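I opened my notebook to keep track of what I looked up in this structure. Here are the entries, in the order I made them.

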Amino acid sequence: MLTKKFGSLLLVLALILVAAAPVLAQGEEIRLTMTCRCVAGGVNNNLVVWLNTYVFPTFQEKMAAEGKNVVVELVEFGGGDEQLKEQYALDLGVGAGHDLFAFDGFWVPEFVEAGLLKPLDEIAGEAVTSWEGWEHITPGIQSILGYQGKLYGIASGTDVRQIFYRTDVFEQAGIEMPWQPTSWAELLDTARALKEAGVEIPLQVNAGTAMGEATTMQGWFMVLLGAGEHMYDFEDGKWIVSSPAILNALNFYKTVYLDEGLGDARMQLVADGRDRSFQAFAEGRVGMLVEGDWFWRSAILNFLDVPTRNQVVGWAKMPAMEPGKGYRGQDFVTISGGTGWVLNPNTEHPLEAWELLAHMSSLDAQRAWELIQPRINFRDDVPVGGDPVMSAMADALLPLTTVRPMLPAYPQISYEAQLMTERVVSGEMTPEEAMAAYAEAVTELVGEENVKSIPLQ
Amino acid sequence: MAQITLENVTKTFGAVTAVDRVSLTIAEGELVALLGPSGCGKTTTLRLIAGLEIPDSGRIFIGDREVTRLPPRERDVAMVFQDYALYPHMNLMDNIGYPLKVRGVPREELRQRVQEVARRLQIGDLLDRRPSQISGGQQQRASVARAVVHEAQAFLFDEPLSNLDAKLRLEARAFLKHLQHTEGVTAAYVTHDQAEAMALADRIVVMNHGKIMQIGTPLDVYRNPQNTFVAAFIGNPPMNLLPCHLDMAQGVLVVAANQAPLDLGLLRERIRVALKDGDSLTLGVRPENITLGAEPGPAAIPGKIYVTQPLGGETLVNVEVGDQLVSVRIFTEELPPLPEQVWLTLDLARTFLYGPDGERIV
Amino acid sequence: MEQQRGVFSSRVGLAFLTPALFFVVVFLLFPFVWIFYLSFTNQTLTGASALSPSFVGLENYARLFDFDRWARAGEFGSALWITIQFVLGSALLGQAVVGLTIAWAFYRRKGLLREIVFTLAVLAWIIPDVVVAFAWSAFLDYEQGTLNAILGALGLGRPDWLFRYPLISIILFNTWRGSAFSILLFSSALETIPPSYVETADVVGASAWQKFRDILFPLLRGHILTDLILITLWTFNVFTPYLLTGGGPTFKTEVVSIYIYRTAFKFFEFGKGGAIAVVVMLINLTLAMGYLAMLRRQKASA
Amino acid sequence: MNRYESPLARVGIVLFTMLAASFFALPLLWLATAPFDARVNLTVHIPAELTLDNFRAVFQNSFAVRALLVNNLIIAGGAMLTVATVATLASYGLSRTRIPGRDILVYVLILFSSVVGGTAAMVPLFLLAYHLGLVDTHIGVILVMSGGLLPSAIFIMRDFVDTIPRSYEEAALVFGASPLHIFRDIAFPLVRPGVAVVAIWAFVNAWGAFLIPVVLLRSPHNMPASVALYSFYSEAGTPVHTLVAAYAFLYTIPVLVLYLIVNWRFGFRFFGGIKR
C-alpha cells in the first residue's frame, strides 16, 4: 500500500515535471547519438577530431544520397571509465541511452549476462551478416567485442605489450643495443647493470590495484605468460588459482621490488603512480618500462615530442622466464586487448545505427583514422599509418599474442590478481600467502567447480 | 471596550496545574492587576485571555462573545509584552503599524494613525528609528503605542515595566495610569510588583499556585488580607506573621517564638469561628501598627533590638522575638534612644488572626 | 512558565513541514528503504545477477563479518579500523581541538587577525572537492610539494607523505578541510558566555589554561558534544580522501566510504554496497545515541 | 574593546595567527600561483614567467566555460534556493510546533542522508530520477542534491530559529497576523543570517558535487564544472596542470566571492545556541 500511495505521488510529480521538460523536436530527421570517453581538446581528442571532421560529414552525405536525413551527434564524456561504465549500465538497464557506445572489450560478458546488450545481427538483422568488412577482420579481433560466439560490436583497434627502454640511459650504462633479453635472468641482469650505473629506477612492471586493469594487462599477464601460464585454462574451462607458474611470477615481482630494489614500488601503489612512472621515464629516471603500444603512440607524447621519442625510446619483446618456457611454449610473450563500439539494443533506428558503425569501420574511414592516430588497425587491409615503429611492433608481436578470457567474472578476478601483486610488492604477504588468498577469493567468486590448482613441485 | 469574563478556567501543563478553576470578571473600562509570585499562574491567565493558550476547561468571554477556543487574531485584544517584542528589523513606524498592516489598513491611513498615536505617546520623532536605537523607556512606549494603535476590545499587559530601571518605572507607571484613565480601556495587567499593582489597578487579583487568593480594590486587599498568603505578599515591608497558639485557660495567645503570652482582649470579640484550646494560629500585624516601649503591657511582647534602619521620613526597626524578626515602622525622622530590651505593643484593633488553614478568622 | 509549547497548532506546523516532508520521503526515505532492501539481495548492475537478483538473506552482512579475513587489507574490518583512526584523528583530535583552540585564541578579539584566520579556514571548507584534491596533491608531493620544500628548507627532512604516512596525510588533510565548522560553532558558543565569568577568573589570577579548563570548558561541554556528533558523522562518511589517495597505497587510506565506493562502483555490487552502508549507518546511529545520552546527562547535571 | 593585555599575550596571538594562517593557507598556495605560471608542475614557486595564457586557453573550451558559468550556477543556485527555503520553513515549523521526538527525528534524518548521499544509493537515485523523467535535467540534480542536504540544513537552521523570542510571534498573533504573515514579516527577516549560512552551505556542496551529476546527467552541455575539469586532460588522460590549475582557480572564485559577500552582509556565523 505504501507503493501505491507513493506511486500516485510520483505520478503527480512526474506530471508537473513533464510539463516543464523541454519537448523533443520531432520531424523527418533521424538523430543518432554516440558517446565515448572523449573530449575535444582533452582526453582522446584524436577520436573526436576524426568523428567530427571525417566520419559524421561523410556518413551524413552517404545517407543523404540514400534520401535519408540523418544527423549524428557525439556526446562527449569527460569523467573516468568507471563512471562511464556505470552510465552505460544504468541507461541500458532502463532501456535508454545513446545509439552507439565506445566500449571496452572485457566489459562485454557481464553486460550480456545482465541482458543489457544484444548481438549485432539481432539488432540490425541481415545488414550485419552481409557486411563486406567482416572478411577483413580476423576472428581473434572480431571476438574482442564478442561473447560465447556472438558479436556485439566492432573493435576499433587492438594493441600489444612490450618493454620500452631509454636508449640514452642504456648507452650511458654501457649496455649494448639493440637490446633484446631472452630470459628473465637477462632482463634482471640488465636491470642490475642499470642500477650499478646509478639509474634510479631500472625496471617498472605494473603491480597493485591503484593502476587497475593496467596492472593485469601490462604487469601480471606479461609476467605470468612468461612463466608459461594464462590466468584461465581454455581447454578445461577453469581458472588457474594456484600453480608453480603463479608462484614464479610473484617471485619475479618480489625480486624486482622487494629483494633487489630494481623497481620503485611506490610508483605502483600511489594513486597517480602510472602517470608518475611515465614522467619518470620521460625524465630518464626509469630505464625499462613494460607497457602497451599506447604508451608509444600517446602517453609519452605528453612529455616528449615525436623526434625526441623516436630518438630515446627503444623497445624489446618481453621474454619468457627461460627460452621456450613461455605460454604455449613461446620464447616471448605479449597480450592484446581492445576497445570498440557496441550498438544499443534499444536504439530507435537500428539500421541507421548499424550503418554508422559499418561506415566508421570501413576501409576509407580507417585509412583516415590512421592519418590522425597511427595504431594497430582491426582491419587486416589497413596498415599502421606512417609509423614504422608501430608497424614493427605489430608485426613482431601480433603472432605471439593472446587475449583475456571473455567471461563475466573476469573483471573481478582481474582485480584479485592486481590485489595479489599488491600484497607481494608491498611486502604485506609472501608470494605463497598471496597466492593462497587469491585462490580463496577466486574460488568464492566462481565456485569450486570452475577453478583448478596445479600442484607445486 | 468590552468586559472580560473567565468562568472556571483551568489550564494544566503536564503534571503542573498552572491555572486552577479561575473565575473573574473585568468590567468595561476597568484595570485589573493580576498579582502574585512567579509561577503563580498570572501570566498563563493573561495568555489564556489573549488566546496564546487554550484552556483545558472553563469558558472565556470578551464582551458577549465566547472566545475560549478562538485563535488570538479573532479575539481583538492588544497586548504589551514584558520584553516589548518590538521587531528589531523594523523601524518604529512599521512596528507600531504592524497590527494595522496585517488587518489590511491602507498605507496612508496607517501612517496617519501611527503618527497620531506616537505623538500622543511622545515618541512622534522616533518613528524612523529602529528599536535598538532608542532608550528602554521609549521602547516601552513604542510597545504601548503598538497596542493602542488599533482600538482593541481589551488590553493585556504582561509585566510591561519590569525591564525598566526604578526611576523610569515610576514615570512609566504614572503615564500608563493616565493613559488608562483618559482612554478608559479595559485591561488586565500582570505584575509581581505589589506597589505597581496598588498604584495602577482598580482591582487586584492576588494569585498563588494557579488559584485566586483574593480579589479586591487595592485598599481592600491591603487593609483586609483574607489569608496569610495575601497578608505576606501585600505591603512593604510585609505584614509580620507570628505563629502562636491559643491557651483557653489563661485566656491568652502564646507566641510560639518566645512563649510570651498576649492578652486576647479586644481581639476576642472579633473572632468569628469557634476555636479550641491549643489551636495553632497566626497573628498578623503590619509594621506600622506596632509601637515600641521600655515597659511591658497587656498587649505587649518582649523583644531585643536587632537593627534600626533610618529611611528618611520613617525608621524601620527590626526586633528579635525569640528566633523571629519582627519589623516595626516608626514614623519619625529621628528615633529616640531605645534600650536593648524592648516591648512591642500591638494595635489589637488592627491585628489579624488567621486559622490553622491560613484563612482569616479575625 | 518555561514550559515548551507550540506557537502554532500542529496543523499549521505541518504545513510548514510539508515541503521538507516531500523531499524526505521521496529523496531520502524511499532510496533508503530501497538500499535496505537491496542489502538482502545479490543485486548487481551487470552480470547474471543484474537480470535476476535473488534474495540472499543475511549473506552480505555475514560476509562483512567473516572474521577469518576481515582484518586483511581491503576488507571491511580493516576499513573500519582505518575509519576509526581517521575519525579519532581528524574529527576529535583534529577538527574539534583545532576549532576550540582557534576559537579560544580569538575569544573576545575582533579585527584583522581574526578575519584572516577565519576566512582562510572557511576557504578550506568551501573549495570544491576536486580542486582541493589537486591542491593537496601539490602540497604533499614527495618530490616537488610545498610541504616538503618547507620542511627541507628547515632541515627537517622530506618525508614521502602519501606513501609512508598515508593515514596521517589524510588525517591532516581532513583536519584542514573541516575545521572551519568547529571554529565557527565554538566561537559562537564562546560569545554566549558572559564576560564576567572570565573576568572573575582574571581577578583571582587564573592562567589562560586554567580559565579554559575551569570555566569555559564546562560551559561549552554541551556545544562540544553537539559538534562531535556532527563532525563524527560527517567524517565517517567523507569521501574526499579518495581523490587524494584512491584509498591506497595498499588500502592504507581506505575508509569505509571508499570501501563502499569500491564495492558499489568497481563491480557494481549494490547488494553488498547496501549492506555496508546499512552497517555503517548503524554504527553512526550507535555513536549518535552515545553522544546524545552524554548530552542528556550533561544537561541533567547542569 | 580596550581590555588590558600583556605584551607577551599580544606577541603570542600574533604568532598563533601566523601559525594558524599558514596551516590553512599553505595547501592552497599552489592554487594561487600555478594558474599564472607558463610552466606548471606540482611545485609552488613564484612564476618565472607571469602569464594569463592559461586562462585564455581555458576560455576557449566552451564546454568547460558553459559548465562553470551556466550549469554550475543553475545547479548550485537551484539547490541553494531549494534547501534554504525548505529548510527554513521546516525548521520553523519544527521549532514552533510540539512534535514528539523531533530532536531524535532530525538526527535520524541526518543519518539517512549520510547513507543516501553515499555511492551505495546511486542506483536507487538513478532509477527514481529516471521514472520521474529527471535524467539529464538540472532539476533532477537539484532535487536529489537538496534531499541529501536538507537534514543537516534543518539542523543548522533550527538553532537560528530557536533564538527568536517567542514573544515576537505571540505579539503578531495577538495583533491579528496569520502564520504566513508571521513567517514572512517576522521570522524570516530575523533568521536571515541563518538562511545565509544554510544557503552558502548548500551552494558550496552543490557547487562541488561530482558523483550525483555524473550519475544523473548525460549531455555535456548539462555537466557541471567538476566534470568539465576532466576536459583539461591530455589525449592520454593525464591532467594538463596549467589548464587544470587555471580552471580550478576560476572554479573556486565564485564560492569565495559568495562567502565574502555573505560574511560582509550578514556575518557568516552560527548562533551559539546550537545546544541540543
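**Entry 1: two domains in chain A**

How far apart do the C-alpha centres of domain 1 of chain A and domain 2 of chain A lie? I found 30 Å between them. Before going on, I noted that this is a predicted model, where local features need pLDDT of at least 70 and side-chain atom pairs count only at pLDDT 80 or more, while totals for chains, interfaces and linings use all residues. I also noted that residues are numbered from 1 along each chain as its sequence is written, and that chains are lettered from A and ligands numbered from 1 in the order in which they are written.

Domain 1 of chain A covers 28-151 + 337-398, and domain 2 covers 161-336 + 405-453. Such bounds come from an automatic or database domain assignment. I then looked at where the two meet: 18 residues of domain 1 of chain A are in contact with 14 residues of domain 2 of chain A. (In contact means that the C-beta atoms of two residues, placed from the backbone, lie within 7 Å.) On the domain 1 side, α4 (108-113), β4 (146-147) and α18 (388-397) of chain A each give two or more residues. Of these, α18(A) gives the most, with 5 residues. (Helices are DSSP runs of H or I with at least four residues, strands are runs of E with at least two, and both are numbered from the N terminus.) I sorted that side of domain 1 by class and got 11 nonpolar, 4 polar and 3 charged residues. (Ala, Val, Leu, Ile, Met, Phe, Trp, Tyr, Cys and Pro count as nonpolar, Asp, Glu, Lys and Arg as charged, and the others, Gly among them, as polar.)

**Entry 2: a closer look at α18(A)**

Which residues of α18(A) are buried? My list reads A:Met390, A:Met393, A:Ala394 and A:Leu397. They sit on the same side of α18(A), because they cover an arc of only 95 degrees around the axis. (The arc is that of the directions from the helix axis to the C-beta atoms.) An α-helix has 3.6 residues a turn, so residues three or four places apart point the same way. The face turned away from the buried side carries the exposed residues A:Pro388, A:Ala392 and A:Asp395. (Buried means 20 or more other C-beta atoms within 10 Å of the residue's own, exposed means 12 or fewer, and partly exposed is in between, with C-beta atoms placed from the backbone.) What covers the buried residues includes β7 (161-166), α14 (293-297) and β12 (313-316) of chain A.

**Entry 3: chain B's domains**

Chain B is assigned domain 1 (4-233) and domain 2 (241-354). Their C-alpha centres are 39 Å apart. Here 4 residues of domain 1 are in contact with 5 residues of domain 2. The domain 1 side has 2 nonpolar, 2 polar and no charged residues.

**Entry 4: chains touching chain C**

I counted 79 residues of chain D in contact with 77 residues of chain C. Helix α5 (residues 102-116) of chain D supplies the largest share of chain D's side, 9 residues. By class, that side has 55 nonpolar, 16 polar and 8 charged residues.

Chain A touches chain C too, with 24 residues from chain A and 21 from chain C. The largest share of chain A's side, 5 residues, comes from α19(A). That side divides into 13 nonpolar, 4 polar and 7 charged residues.

Most residues other than glycine have a negative phi, and most peptide bonds are trans. So where are the exceptions? A cis peptide bond joins A:Met177 and A:Pro178, with omega about -5 degrees. A:Pro178 is in the loop between α8 (167-172) and α9 (184-196) of chain A. Another cis peptide bond joins B:Asn236 and B:Pro237, also with omega about -5 degrees.

A:Arg328 is not a glycine, yet its phi is positive, near 60 degrees. A:Arg328 is exposed, with 11 other C-beta atoms within 10 Å.

**Entry 5: confidence**

Chain C has a mean pLDDT of 85, and 97% of its residues reach 70 or more. (pLDDT is the predictor's confidence in each residue, from 0 to 100.) For the complex, the predictor gives an ipTM of 0.81 and a pTM of 0.84.
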